[in-house]
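Could you walk me through this model in my viewer, stop by stop? I would like to know what to select next and what is there.

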Amino acid sequence: MSDFNLDNWWQPFTNVRAFRDNPRIFTRAEGSFLYKEDGQEVLDITAGLWCCNIGHGRREVADAVHKQLMELDYAPPFQFGTPPAFQFAERIAGHLPEGINRVFFTNSGSEAVDTALKIAHLYQFARGKGGKSRFISREQGYHGVNVGGTSVQGLPNNRHGFPLLQEVDFLPGMLDIARNAFSRGCPEHGTERMAQAFEQIVAMRGADSICALIIEPVSGAGGMVPPPVGYLQKARELCDQHDILLIFDEVITGFGRTGSAFAATEFGVTPDIMTSAKAINGGTVPMGGVFVKDEIQQAIFDSAPAGVPEFFHGNTYAGTPVAAAAGLASMDIYEREGLFTCAGGAKGEHWADTLHAMRDLPQVIDVRNYGLLGAVSFDSGDLPAKSLGPKIHQRCYDNGVLCRAVGDHMVMSPPLSISEGEIDLFAERFRKSVNEVLG
Ligand code: PMP
């Protein structure tokens, strides 16, 4: 049907050879739906890639982008500024935990992560602790694809074959189906295990060599795993005790996913640095950001020589007025429609009820949820592990629902603007698909 060939675009994270035999092309989107070439609707239960939190095709955002393009399409961000970038940074700061007011814009989550790691390093140098250069992160964590982010992420396929930073130690992953199966919200077990592993790493390396701990408050690409009860509080406590910075990678959890604007607020734990991207402007124009404690920026400023940039780092499109205009328009929608908090209210409850009712489907070994995040895990039975996920994923797509397969975990993150009726439609199509594959 397509009037273009499939040979030239090398798609990211795609089995391109398989795709060429079975192309899956979207041509339109509106609200909670994507539309295929032949017009079939697909309920987007992933909000794109955890990014279209305000739903697709918001005219307000399109109008703001168009207006900005005609008024001021671009100006260099090095040594110059534009109103939308300053205005958007100020609006974001209004939703960040107290004491975090500095916003460094990037173009993606990966760039935000590598920028955060550099800021953490620079801060340690600035205060005369340059020996604190190591990072702690977590198995099954995902922190993007740049060299720093690839080095601190714990998904083996993404690391394999690349030369990476060596100074990284890993906490155990949070997914523990044996002990936590079918938890609603935060699971019970895992905090103690993390604390022990953290202390072991500190004992082995010495706190004087450790710069920062970087973790996702809720693990996303690792299979959507909420933090065990007390986990984030304990991480903060341990970091404080050993003078280690705490970085929350909020690329997925930011902008309303958990029931608060940010997971930091939701869980009542203030990190030192946060990363964000994706839903920052509803997934419309590439943008990311690093949100930094005022005192960290101040220490870096205080140690920098006069007359030069305090931070020799930045991207051509950092805080581009068009991305910021999309951000300002998205922020209007988030605030006006109460989208930052709806995942913690009646809609979140309906989502959790719907998801946990999936327990009766064949071969389900776990259901997890937090805010408007969810996962249903399957046991592949006689099939090789990780083969069921792609099968269910394909059948869901055929039946008009887009979710994501991480191994044999089906992972969901609907637009925050989704209606309860659309959540019911998801359940109907998902159940049908699973029963067709396993029935
Ligand atoms: N960090 C986390 C936690 C992510 O989930 C992602 C993307 N899924 C990234 C970083 C990287 O973001 P991007 O794809 O925009 O580079």
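Predicted model: local features only at pLDDT ≥ 70, side-chain atom pairs only at ≥ 80, totals over all residues.

Start by selecting residues 33-36 and 41-44: these are strands β2 and β3, which run antiparallel and are joined by three bridges.

Four strands make up an open sheet with mixed pairing, in the order β1-β2-β3-β13. Its edge strands are β1 (26-30) and β13 (401-402), each of which pairs on one side only.

Next, select the other open sheet, whose four strands follow the order β11-β12-β15-β14 with antiparallel pairing. Which strands stand at its edges? They are β11 and β14 (404-406); each has a single partner strand, so one side of each is left without a neighbour in the sheet.

Zoom in on β14 and β15, an antiparallel pair with three bridges. Here R404 stands opposite V411 in β15.

Helix α14 lies across β11 and β12, and runs at about 175° to β11. Helix α15 (residues 388-398) lies across β12, β14 and β15, at about 180° to β14.

Time to colour by domain. The domain assignment gives domain 1 as 16-53 + 340-438 and domain 2 as 63-336. Taken over C-alpha atoms, the centres of domain 1 and domain 2 are 26 Å apart. The contact draws 32 residues from domain 1 and 26 residues from domain 2.

Which elements of domain 1 give two or more residues to the side that touches domain 2? Select α2 (47-50), α14 (346-356), β11 (364-370), β12 (373-378) and β15 (409-412). Of these, β11 gives the most, with six residues. If you colour this side of domain 1 by class, you will get 16 nonpolar, 13 polar and three charged residues.

How many residues surround the ligand? There are 14, and the closest are S108, G109, S110, G144 and V251. Helix α5 (residues 109-126) gives the most to this shell, with three residues. By class, the shell around the ligand holds six nonpolar, six polar and two charged residues.

The last two stops are about backbone torsions.

Select Q140, in the loop between β5 (134-138) and α6 (147-152). Its phi is near 70°, a positive value in a residue other than glycine. Is Q140 buried or exposed? It has 22 C-beta neighbours inside 10 Å, and therefore counts as buried, given that the cut-off for burial is 20 or more.

Finish at D243, in the loop between α10 (231-241) and β8 (245-249). D243 also is not a glycine, yet has a positive phi of about 55°. With 13 C-beta neighbours inside 10 Å, D243 counts as partly exposed, since a residue is called exposed at 12 or fewer.

Methods:
Residues numbered from 1 in each chain as written. Near = placed C-beta within 6 Å. Nonpolar A, V, L, I, M, F, W, Y, C, P; charged D, E, K, R; others polar. Pairing = 2+ DSSP bridges. Domains from an automatic or database assignment. Contact = placed C-beta atoms within 7 Å. Axes fitted to C-alpha atoms, helices over the stretch in contact; angles between N-to-C directions.
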